[in-house]
Amino acid sequence: MIEMRHVQKTYPNGFTALHDVNLTIDQGEYVAVIGLSGAGKSTLIRTINRMIDISDGKLTVDGTDVSSLSGKELRRFRRNVGMIFQSFNLVTRTKVITNVLAAKVPDLPWWRSILGLFPKEDEMEALKALDQVGIANKAYTRVDQLSGGQQQRVALARALMQNPKILLADEPVASLDPVTAEQVMDDFGRINRERNITVIINIHHVDLALRHVSRVIGIRAGEVVYDGGVDGVNDAV
Ligand code: ADP
Ligand code: ADP
């Protein structure tokens, strides 16, 4: 469970991007954070795994005060909180499976990962994750031979390899065509249901969000102006 109490974020230049945000997100929710460009969506989502430090208030995840985590604790914490970006952050000149297995690299001696010697059980797990996002047949293809939607699914499969409890996605469908964007939103939904992962997505495309998620958080100028189900959003945001 994620809890934000009176969370504020002021950037070093003095600009306050989040004002007094109060939210509770339960395990297993599929949430869209919507709002105009510059509203603070990205800032909000990035505080959850502390890519961005909050300036005031309190943020806890499963009772842990996120601001208090030291380097080692923070690394461990972030394994539970996967993150997906608009740009997929893949190594495009290598195979899909190698990218997915890269999530396991911290567990491996460096020379094994360089030689691509991944344990068989990790490879099976990677294939299972790729299957869950519908691209197991592309496992041994180079990433640069895939479409944008397929690449986003590789990023999703890589995130799943860490068995996260929470998956944060910062504009994951912004660069995709409408049909592919629907499919990727479906993939998030399936992962949310089948793995009970809390999924939180930043998305500026409101109609698309409403077709997939069960809860919407609307942000305007750094304030939460809507928090509820998909009905009633259009009046509020
Ligand atoms: P969104 O994701 O909704 O587009 P962001 O969270 O990226 O919004 O940004 C919210 C506001 O904070 C914007 O006005 C943006 O310019 C500002 N902002 C974002 N990052 C920084 C930063 N590092 N320093 C100063 N201002 C920032
Ligand atoms: P978004 O696509 O979420 O709107 P931007 O493209 O505006 O984000 O911002 C990209 C990067 O620049 C982010 O890391 C953000 O924190 C930073 N940034 C955004 N606005 C500002 C700003 N006014 N001053 C400094 N950094 C900023």
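Tutor: Contact here means heavy atoms within 4.5 Å. A nonpolar core is a set of buried Ala, Val, Leu, Ile, Met, Phe, Trp, Tyr and Cys residues joined through side-chain atoms within 4.5 Å. Buried means under 20% relative accessible area, exposed means over 50%, and partly exposed lies in between, with a 1.4 Å probe and protein chains only.

Before going further, a word on the ground rules. This is a predicted model, in which local features need pLDDT of at least 70 and side-chain atom pairs count only at pLDDT 80 or more, while totals for chains, interfaces and linings use all residues. Residues are numbered from 1 along each chain as its sequence is written, chains are lettered from A and ligands numbered from 1 in the order in which they are written, and side-chain values use heavy atoms, with hydrogens and water left out.

Now to the largest nonpolar core. It has 47 residues, and Ile201 is among those that touch the most other members, together with Val100, Leu167, Val173, Met185, Phe188 and Ile203. Strand S3 (30–34), helix H3 (96–101), helix H5 (120–132), H6, S7, H7, strand S8 (198–202) and helix H8 (206–210) each give two or more residues to this core. H6 supplies the largest share, six residues. Helices (H or I, at least four residues) and strands (E, at least two) are DSSP runs, numbered from the N terminus.

Isoleucine 203 sits in the loop between S8 and H8. With a relative accessible area of 1%, isoleucine 203 is buried. Not counting residues up to four places away in sequence, isoleucine 203 touches Ala32, Val33, Ile34, Gly35, Lys41, Glu171, Val173, Met185, Leu208 and Ala209. The C-alpha atom of isoleucine 203 is 21 Å from that of threonine 16, and the two are 187 residues apart along the chain.

One partner of isoleucine 203, Glu171, deserves a stop. Glutamate 171 is in the loop between strand S7 (166–170) and helix H7 (178–195). Its phi is near 50°, a positive value in a residue other than glycine. Glutamate 171 is buried, with a relative accessible area of 12%. Alanine 221 also has a positive phi, about 45°, although it is not a glycine. Alanine 221 lies in the loop between strand S9 (215–220) and strand S10 (223–228), and at 57% relative accessible area it is exposed.

Glutamine 152 lies in helix H6 (residues 148–160) and counts as buried at 1% relative accessibility. Alanine 129 lies in helix H5 and is buried, with a relative accessible area of 1%. Setting aside neighbours within four places in sequence, alanine 129 is in contact with Ala157, Leu160, Met161 and Arg195. Alanine 129 and isoleucine 191 are 62 residues apart in sequence and 9.7 Å apart in space, C-alpha to C-alpha.

Between these helices, in the loop from H5 to H6, is valine 143, which counts as buried at 0% relative accessibility. Neighbours within four places aside, valine 143 is in contact with Leu90, Val91, Thr92, Thr94, Lys95, Val96, Asn99 and Gln151.

Finally, step back to the whole chain, which has nine helices and 10 strands. Of its 237 residues, 49% count as buried. Residues 24 or more positions apart account for 70% of the contacts with a separation of 6 or more. The C-alpha atoms fill a box of roughly 50 × 40 × 35 Å, taken along the principal axes.
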